[in-house]
Amino acid sequence: MAKTEIVVVGAGYSGIAATKMLSKKLKKNPDAHITLIDRHSYQTMMTELHEVAGGRVEPEAIQYDLQRLFCKRKNVSIVTDTVTTIDKEKKVVKTQQGSYSFDYLVLGMGGEPNDFGTPGVKEHGFTLWSMDDAIKIREHIERTVALAAVEPDEAKRNAMLNFVVCGSGFTGIEMVGELIDWKDRLAKNNKIKPEDINLMVVEAAPTILNMLDRNDAAKAEKYLTKKGVSILKDMPIVEVNHDHIVLKSGEKIPTHTLIWTAGVKANSDAEKFDMPAARANRLVSNEYMQAKGFEDKGIYVVGDLVYFEESDKENRPTPQIVQAAEQTGLCAAKNILATINGTEKEAYKGKYDGFMVSIGSKYAVACVFDKYHLSGFFAMLMKHIINLRYFFDIRSGYYMFQYIMHEFFRIKDERNVFRGHTSRNSNVLWSVPLRVFYGCVWLVEAMKKVVGNGKVLQPSTWFGDGSWFTNTVAFPFEWLQPADATSGASQAAEAATTVTPDPTFGLSYAFGEEPMLVFKSMPDWFGSIMKFMMPNTEVALFMQKFMTLFEVALALAIIVGLFTWLANATTIVLVVMFCLSGMFYWVNIWFLFVAFALMNGSGRAFGLDKWVIPWIQRKLGNWWYGDVKSRYGEKS
C-alpha cells in the first residue's frame, strides 16, 4: 500500500501546530508520512523578535531547532529548503534542491512587511519580520549610536540619535518599548546622556493599538508618554530618505533610523503558486482551510497566508496573530485527518482569548478572556505564562526551560519582569567551602550509623542504636514495637521512650537553651506512609542499612561536587522527612537553606560537575534529538 504523503510548507506557528497534530494522530499509522519544509532549520518565535532587535536577548533565545521540536519522530522528515513552485495537477512541491509528492499540502509560509508602495522604505527603512531583520536593526542601532557619540555636528548628531518607529500595532509598540529599556545601556556604553536618545512613534491612524480595548490602549499611551516617547498620530509617512522622513503634512523629521511596522501582507513567494488571492495577496480558503478552487487537490492554507472571513465577521479575515495562526493550522490538520479516516470535516471557528502588548521588559497591558484587564507587572507576567503555555502545547520541555533561563536568569541590565532580582549571575566559587563543609557534616552523621557512638538513639538516624552492625531497630513508629518485652527490639523501644535524643545532629547549640523539635510527634498522614513503606522490623532493618549507605554516597557526592543539584535537593527531602518523624530540631533547620544555596551550580567550581554535567547533556541530547544541523533533508 502506497504511503499517504503530507507536505507542510512553513515552520511558523501554524505549520508547527499542524505538523505536531498530524504527527501525534498518525504515529500508529505506518502508511502516513509528513514532510515539513522551511528555508530555515529552526522556528523563530516571531512575537519576540523585538527582544533581539532591542538588545535584550541573543538570537538563540528565540530560535527553536526543528529537530529538537520533533525529537526525531519517525513519521516526520524535516527539510531545509525554499519552495519554488507547486504542480497542482501532478501534486508535487518543487524546491530549489528537489521535489516532494503530496496527497495533502499545507501552505503556512506566513507573511512579510507591507510598505504600501511608500517610496524609500525598501532602500532606507528597516523592517521587523525575520531574525535577519532583528539582527540588522540591532547592529545598526549600536553602530549609529557609537558614531553619533563622536559626531561634532550637532544637527547630524541629533538626527542620528532620533529613532522612529512607523506603526503603532503590537510590533511597533513592542519595538519602541525595547528601545526605552535599551536606551540607558546604549548611552552608558557610548558615554552620552540617555536623554540625548529620542524615541518616536509615527501612526497614520488617529489612534494607537487599535486591536486593544480603548482603555487598555490609553494606559499604554500614557506609559509611553511618561517614558519620553513622542507619539505622532494621524501622520502618514509618504517618503523615506537616508537621513529624514517626510510626513503627509510636508513636515520633515530628521532620522537615520526608521523601523517600519505599519502593515503585513502574504509571503510574496505565494504569488508564484497561481491561486486565488484577496487583500494583501492572502490566499483564499473555505471554512475547512482548503484553498479555493483546489479543494479536490488536498491543498490547505493556514496562518498569516490564509484569507478566510467567518460568517459573523464580513470583510474581516482571520487576524494575523499567533492565536489565529495556530487555530487555522490545527483546523487544517483535523480536516486532513478526517479525510484520511473517513469522518466529517470541521469548519473553522476562531476563538481569541484576548490580546496583550509588552512595552519593554517590565510593563504590559492585556485583556485576557475578553473581560480581565491587566496592566503593569501582572500583565507582563501573564505574557510570560502564555509563552510558556505555548511550549507546553507543542510538548517542548527543552525550550520551555531555555525560555525560562533566557527571560528570567540570563538577562542583563535588569531587563525582566522581576526588575533583575532573578538575573544576577553569581560566582559559584564562593560556595565551594560551604559545599565541602555541608558534605562533611552529612558524612560524619552517616558514619555514626556505621560504627555507632554508644548512645541508644540518635536523632541523626531513624534506625537503631547508632550502629549499622546491630540487629535491633528502634523507631518512633508504634506498629514496629513487639509485644515481647524481652526482645531486643522491645528494649530499644523502651529506651526510645526514656532516653532524650541528642538534639544536635552532631552540632552544639547555645548554652542554657532547650532545643525545640520541629514536630513533637509524627503527623498521622506521614505515619500512614511510613507504615506502608516499613510494615515490619525486617523491612526496617533493610532500610536502616540502605539509608546509611545512601547517606554516605550523598555526602561524598556533595563533597566532590557530583550531581550537586540533585544531591542537595535530596538532602532537602531527607530533612523534611526527619522533621515529620519528630526527630529533628529547629537548631539545625539551616540544613534546608544551605542545600537550597548549593543547588546553584556549586559543583561547577572545583567539582566533578564541571565535566560530568556537560558530558551528560551532550550524550542525552544526541540520543534524544540526534545531531542538530544548520540544514536538514536530502536532495530528492
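Which helix does Ile529 lie in? Helix H14, residues 524-533. My notes on the rest follow.

1. **What we're looking at.** This is a predicted model, so bear in mind that local features need pLDDT of at least 70, side-chain atom pairs count only at pLDDT 80 or more, and totals for chains, interfaces and linings use all residues. Numbering runs from 1 along each chain as its sequence is written, and side-chain values use heavy atoms, with hydrogens and water left out.

2. **The overall picture.** The chain has 18 helices and 25 strands; these are DSSP runs numbered from the N terminus, helices being H or I with at least four residues and strands E with at least two. Of its 636 residues, 53% count as buried. Here buried means under 20% relative accessible area, exposed means over 50%, and partly exposed is in between (1.4 Å probe, protein chains only). Take the contacts with a separation of 6 or more: residues 24 or more positions apart account for 67% of them. A contact is heavy atoms within 4.5 Å.

3. **The patch around Ile529.** Together with Trp525, Phe532 and Met533, Ile529 makes a nonpolar surface patch of about 480 Å². Patch members have over 30% relative accessible area and no salt bridge; nonpolar side chains (Val, Leu, Ile, Met, Phe, Trp, Tyr) are joined within 5 Å, and like charges within 9 Å.

4. Strand S23 (residues 354-358) is mostly covered, with 5 of its 5 residues buried. In a regular strand the side chains alternate between the two faces of the sheet. In S23 both faces are covered: Gly354, Met356 and Ser358 are buried on one side, Phe355 and Val357 on the other. S23 pairs with S24 (residues 364-368) in the antiparallel sense, over 5 bridges; two strands pair if DSSP finds at least two bridges between them. Val357 has Val365 in S24 as its bridge partner. The two strands form a hairpin with 5 residues between them, and Gly360 in the turn has a positive phi of about 85 degrees.

5. **Aromatic pairs.** The structure holds 24 of these. Rings of Phe, Tyr and Trp (its six-membered ring) pair if their centres lie within 6.5 Å; planes under 30 degrees apart count as stacked, over 60 as edge-to-face, and the rest as tilted. Tyr13 and Tyr390 make an edge-to-face pair, because their ring centres are 5.3 Å apart and their planes sit at 70 degrees. This pair links distant parts of the chain, with Tyr13 in helix H1 (residues 13-25) and Tyr390 in helix H10 (residues 377-393), 377 residues apart. Both Tyr13 and Tyr390 are buried. For contrast in geometry, look at Tyr223 and Tyr363: their ring centres are 4.0 Å apart and their planes at 0 degrees, so this pair is stacked. Tyr223 is in helix H8 (residues 214-226) and Tyr363 in the loop between S23 and S24, 140 residues apart. Tyr223 counts as buried at 14% relative accessibility, and Tyr363 does too at 15%. Ring pairs also link a cluster whose members include Tyr13, Tyr64, Tyr390 and Phe391.

6. **Salt bridges.** There are 19 in the structure, each a side-chain nitrogen of Lys or Arg within 4 Å of a carboxyl oxygen of Asp or Glu. Arg39 and Asp269 meet in one of them (2.4 Å, N to O). Arg39 is in the loop between S2 (32-38) and S3 (42-44), and Asp269 in the loop between S19 (264-266) and S20 (283-284), so the pair ties together parts 230 residues apart in sequence. Arg39 counts as partly exposed at 45% relative accessibility, whereas Asp269 is buried at 14%.

7. Arg56 forms a salt bridge with Glu51 (3.5 Å, N to O) and another with Glu407, where the closest N and O atoms are 3.4 Å apart. Both Glu407 and Arg56 are buried. Salt bridges that share partners join Glu51, Arg56, Glu178, Glu407 and Arg415 into one network.

Key. Accessible areas come from the Shrake-Rupley method with a 1.4 Å probe; for residues, only the protein chains shown count as cover.
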